[in-house]
Amino acid sequence: MDLSATLYYLSKAGLSQLLEKLGQDNQVYLSVGEKLNYHLESSEASAGSSWQFPAVRAVEPLKALLFSARQDVGPCFASEADSPTTPQVIVGAKACDLAALRILDHVFLEGDFQDPDYKARRESLLIISGDCTDAKEVCFCTLLGAKPYPEAGYDLNLSPLDGGYVV
């Protein structure tokens, strides 16, 4: 953890305003649910519900947002241009999610070949991560020497406090 980084306080109302503003030009995905059962959902689908900061990671991996279930790869071979993509914002990513993204980045962005679709989606992705505030029976990050809070690979990190977050 970089202790020289600037820290800010963001109220829950301030976070709601930020997410609303981000939703104007981006596809925003939130970890929604209750207790220890969360899943990724677009902010339009969860509109009107009161979003709560996720205590643990969502069931779906972030990989689901970076790869299409079906994709025509023919145009990729005909043109060097990356396919257009709507910028995405992921809110509530956890340290284990970010570790998985580092592996995907290594596979699809390093070496002699870079996957153009993955690269376009990854470059247009804003990650707002968050500290884990609880653990499931299947969580094991500390056994692998990892921390329950992100140390790298995010754009903003939220640490929950009463009434708000440390950013």
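## Helix α5 and its buried residues

In helix α5, the residues that count as buried are Asp117, Tyr118, Ala120, Arg121 and Arg122. The structure described here is a predicted model. Helix α5 covers residues 116-123.

The N-terminal end of α5 is capped by aspartate 115. One of the side-chain oxygens of aspartate 115 is placed 3.0 Å from the backbone nitrogen of aspartate 117.

Side chains of opposite charge can pair when their charged atoms come close. In this model the count of salt bridges is 2.

One of them joins arginine 122 to aspartate 105, with 2.9 Å between the closest N and O atoms. Because arginine 122 belongs to helix α5 and aspartate 105 to helix α4, this pair ties together parts that lie 17 residues apart in sequence. Both arginine 122 and aspartate 105 are buried.

The accessibility of each partner can be stated separately. Aspartate 97 has a relative accessibility of 5%, and buried means under 20%, so this residue counts as buried. Arginine 57 has a relative accessibility of 24% and therefore counts as partly exposed.

Notes. Residues are numbered from 1 along each chain as its sequence is written. This is a predicted model: local features need pLDDT of at least 70, side-chain atom pairs count only at pLDDT 80 or more; totals for chains, interfaces and linings use all residues. Side-chain values use heavy atoms; hydrogens and water are left out. A salt bridge is a side-chain nitrogen of Lys or Arg within 4 Å of a carboxyl oxygen of Asp or Glu. Buried means under 20% relative accessible area, exposed over 50%, partly exposed in between (1.4 Å probe, protein chains only). Helices (H or I, at least four residues) and strands (E, at least two) are DSSP runs, numbered from the N terminus. A polar contact is a pair of N or O atoms within 3.5 Å; within protein, one must be able to donate a hydrogen and the other to accept it, and residues adjacent in sequence count only if both atoms are side-chain atoms.
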